[in-house]
Amino acid sequence: MDGVHDLGGMQGFGPVDREENEPVFHAAWEPAVVAMMRAGGARGVFNVDEFRHGIERMAPAHYLRASYYEKWLDGITRLFVEKGVVGEKELAERVDFFGDRPDAPAAAAIQGALPARVPFNPGWVQDAIRDTGARPRFADGDRVVTREFHPHGHTRLPRYARGKRGVIDRCHGVHVFPDTNAHGQGEQPQPLYSVRFDARELWGESAEANQSVYIDLWERYLLPGS
Amino acid sequence: MGKHHPNVDAYVVSRVRALESLLLEKGVLSPDAVDRVIQRYESDTGPMIGARAVARAWTDPAYKRLLLADATAALRQFDLEYQMLVVVENTPATHNLVVCTLCSCYPWPVLGLPPTWYKMPPYRSRAVSEPRALLAQMGLEISPSREVRVWDSSAEMRYMVLPERPAGTEGLSEAELVPLITRDALIGVARVAAAAR
């Protein structure tokens with residue numbers, strides 16, 4: 001989707017603000033969000049592509065305002081509800097419960113013993129390579145042109161690199177295709193390439209001199225170039 | 001907390017606790033999962049394995065060739081199994097810079113958690129379109145004669161920069177080099193200095 005998350009080449013966000021000696025976490029709730037995200041993935045509630053698309057579906061103004069882990073919270077909450085793990089009504093009731101008890105730990109809302117947990121797969125992150133034996137259509141050095149499209153769903157072809165001419169730098173093997181895997185349409189594994197683009201192809205006369213961008217792109221995004 | 005997070009909103013905390021309590025009740029979240037995340041990222045991630053691999057590459061030419069050709073094999077020397085890393089080398093002709101414009105992909109296993117600036121719009125928007133101006137604002141001038149190569153991490157592959165070894169460090173051992181190598185140099189937004197700051 002052509003969302004606000006697709007930031008490459010946008011202007012007006014100001015200078016980079018670097019925090020000296022930045023702590024790992026800025027607030028106690030942040031590692032809880034990380035733990036819930038990992039639990040959702042490792043227990044098979046959502047895959048990484050659904051997770052990324054969950055964040056992309058945030059309201060644009062909220063996306064730009066939110067801290068990193070607030071984006072995660074928004075994305076995983078949406079997915080836990082959509083996947084039927086958590087009900088909207090019980091979630092709203094719990095938010096009210098903790099709103100009235102700002103210092104209470106999560107366990108304060110729980111009565112009785114915890115249930116047995118569902119199986120945990122710690123290898124779910126970056127589990128993307130599928131050795132299907134698919135032969136790459138393109139070889140290193142081949143000229144390609146990216147497709148020009150504007151899908152409403154998830155894609156990893158950034159807006160700034162659509163309809164652009166590049167050169168295959170290398171093939172990374174056969175990888176799960178996010179555009180379908182984010183939407184319950186299967187993994188559809190296919191060759192993934194690093195594609196080199198000259199900055200002038202991407203930014204025209206505004207390009208800085210002597211610059212290139214390498215983007216990892218699936219075969220479905222690419223057409224033969226000339 | 002602090003000037004970077006002035007609005008840690010009570011509503012966010014309520015939403016976190018609410019979801020956390022429901023996921024505990026439904027068996028999705030382990031009672032010790034949050035403590036394990038804190039332990040892993042606050043205690044176990046440093047010193048960065050990425051810095052140790054770079055220091056070894058600077059002192060062992062065969063290791064450097066391996067790191068650039070097959071980072072997965074090279075990282076096994078540090079007891080890390082990581083299939084998805086590509087290491088790109090800075091040279092007098094080339095400067096490399098890593099970004100993720102679509103989200104915030106970052107090589108956590110070798111660099112730890114990403115800094116906040118890496119995840120926010122100012123860096124993600126400009127790194128691909130005006131990297132020299134961005135780097136200059138961050139204190140790093142790149143000669144016009146060097147090509148700037150930006151790696152936009154759009155898939156599950158992750159990128160790490162092998163920075164240039166600074167002059168004046170010729171007599172240092174691998175172990176003495178490790179503390180000079182900063183996270184920022186491995187992202188490509190800083191040079192390695194000959195003495196630790």
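This is a predicted model: local features need pLDDT of at least 70, side-chain atom pairs count only at pLDDT 80 or more; totals for chains, interfaces and linings use all residues.
Residues are numbered from 1 along each chain as its sequence is written, and chains are lettered from A in the order in which they are written.

I noted the bounds of domain 1 of chain A as 29-116 and those of domain 2 as 143-224, the bounds coming from an automatic or database domain assignment. Six residues of domain 1 of chain A contact four residues of domain 2 of chain A, contact requiring C-beta atoms, placed from the backbone, within 7 Å. On that side of domain 1 I found no nonpolar, two polar and four charged residues, where Ala, Val, Leu, Ile, Met, Phe, Trp, Tyr, Cys and Pro count as nonpolar, Asp, Glu, Lys and Arg as charged, and the others, Gly among them, as polar.

I then turned to the contact between the chains, which takes 77 residues from chain A and 67 residues from chain B. α1(A) gives the largest share of the chain A side, nine residues, and that side divides into 47 nonpolar, 16 polar and 14 charged residues.

Last, I checked the strands (DSSP E runs of at least two residues, numbered from the N terminus). Five bridges join β4(A) to β3 (residues 147-152) of chain B, and the two run parallel; pairing needs at least two DSSP bridges. I recorded B:Val150 in β3(B) as the bridge partner of A:Val213.

Terms used:
Two residues are in contact if their C-beta atoms, placed from the backbone, lie within 7 Å. Helices (H or I, at least four residues) and strands (E, at least two) are DSSP runs, numbered from the N terminus.
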